[in-house]
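Subject: A structure for you to explore

Hi there,

Here is the structure I promised you, together with its sequence. Have a look around first, and then read my notes below.

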Amino acid sequence: MQKITPKNVLGIIEKAQRRSFLLNPFFLIMNCEYEEADEILVYLEKDFLLFPPKNSRHLAHRKVWCYAEDIERIKKSGVEIKNITPDSTDYFYLTKNYLTFPGHNFQKMRKEIRFFERNYDFEILENYPAEKTKEFIHQWYARNLVKKNPKNREMFENEFHATLKAVDLLSEIITAKTLYILIDGALAGLALYAPLYEDFWAAIYQKVNSKYRGIGQMLYREKAKKMREYKFFTNGDDAMDSVLAKHKEELCPIRKERYFLVETGEVRSVKNES
């Protein structure tokens with residue numbers, strides 16, 4: 001297996017053709033390795049395939065992250081499925097909804113944005129010094145640490161460290177985009193996002209000072225403005241956390257996909273699937 005780096009990550013994403021949050025360049029570089037046979041195989045922490053290969057020869061005796069539709073394809077490929085474990089859920093959104101916020105479902109978001117625009121002296125930037133950005137992330141960590149349930153502490157710590165690493169990677173990933181909101185001249189929110197395919201982008205990291213009402217909704221709208229030519233986006237999975245799942249539901253997804261960890265056995269018959 002080989003390391004995924006800023007130099008090869010975009011080629012891996014293009015070959016994978018997988019519309020999933022897990023195929024964003026920051027996640028791949030920080031967590032995954034790959035090998036290239038007759039197709040690209042991406043491994044999460046060396047033990048798990050990040051998505052099922054098309055060629056059933058690569059599926060035997062594996063642990064694979066799948067959506068429900070992938071499980072059906074594995075069954076049809078002739079590979080034995082030994083165990084299926086449900087996991088977290090991915091959320092997908094329509095970009096144009098975040099430009100217009102249509103209808104009753106988006107009423108609260110419209111209200112929050114109006115409040116933000118009327119009550120704060122703000123500025124939106126696309127670039128900001130890395131060290132000051134890291135200072136803000138440390139402040140975000142300190143503010144939110146006391147609110148965290150102990151059982152979610154590890155997830156919170158991982159998110160904190162990953163966001164700091166992402167700041168270091170920004171200059172090396174040419175597709176990465178950022179937005180910063182300053183209020184009264186001080187950084188109050190940041191968002192990191194990236195296009196993945198011609199119709200699909202990922203909202204990867206967003207950190208805000210929540211004392212400013214409406215700042216999160218404001219960042220989503222500003223990201224959508226920049227990515228208006230991409231039809232869909234994802235902001236990641238819910239980590240099987242009820243609070244996070246509730247937040248993602250409030251953002252009005254148009255589709256949800258459950259992850260499953262599938263453990264495979266023998267290849268009973270060999271079929272190359274397209």
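Let's begin with strand pairing. Strand β5 (residues 63-66) and strand β12 (residues 255-267) run antiparallel and are joined by 4 bridges. Strands here are DSSP runs of E with at least two residues, helices are runs of H or I with at least four, and both are numbered from the N terminus. Two strands count as paired if DSSP finds at least two bridges between them. Within this pair, Cys66 has Phe260 of β12 as its bridge partner. Strand β12 is also joined to β6 (residues 79-94), by 10 bridges, and these two run antiparallel as well. There, Val79 stands opposite Val267 of β12.

Before you go further, please keep in mind that this is a predicted model: local features need pLDDT of at least 70, side-chain atom pairs count only at pLDDT 80 or more, and totals for chains, interfaces and linings use all residues. Residues are numbered from 1 along each chain as its sequence is written, and side-chain values use heavy atoms, leaving out hydrogens and water.

Next, helix α3 (residues 68-77). Its residues Asp70, Ile71, Ile74 and Ser77 are buried, where buried means under 20% relative accessible area, exposed means over 50%, and partly exposed is in between (1.4 Å probe, protein chains only). Looking down the axis of α3, you would see its buried residues fall within an arc of 120°, so they line one face of the helix. That arc is taken from the directions from the helix axis to the C-beta atoms. Exposed Glu69 and Lys76 sit on the face of α3 turned away from its buried side. The cover over the buried residues of α3 includes β5, β6 and β12. Just after α3, Gly78 takes a positive phi of about 95°.

The largest nonpolar core has 38 residues, and Ile4, Phe26, Leu28, Val42 and Leu50 touch the most other members. A nonpolar core is a set of buried Ala, Val, Leu, Ile, Met, Phe, Trp, Tyr and Cys residues joined through side-chain atoms within 4.5 Å. Among the elements that each supply at least two residues of this core are α1, α7 (153-169) and β12. Another core lies apart from it, with 30 residues, including Tyr91, Trp201, Leu219 and Cys252.

Where is Ala16 found? Ala16 belongs to helix α1 (residues 9-16), and it counts as buried because its relative accessibility is 13%. Leaving aside neighbours within four places in sequence, Ala16 is in contact (heavy atoms within 4.5 Å) with Leu23, Ile40, Phe51 and Tyr197.

Ala16 also turns up in a pocket. The second largest pocket has a volume of about 280 Å³. It is lined by 13 residues, and the closest to its centre are Ala16, Glu39, Phe51, Pro52 and Lys54. Both α1 and α3 supply at least two residues of that lining.

Finally, the structure holds 2 cavities of 30 Å³ or more. The largest cavity has a volume of about 40 Å³, and β9 gives the largest share of its lining, 3 residues. On a 1 Å grid over the protein atoms alone, a cavity is a set of points where a 1.4 Å probe fits but cannot get out, while a pocket is an open set with protein on both sides within 12 Å along at least five of seven lines; lining residues have an atom within 4 Å of a point. Grid points are joined across faces, edges and corners, and a volume is the space filled by probe spheres set on the points.

Happy exploring!
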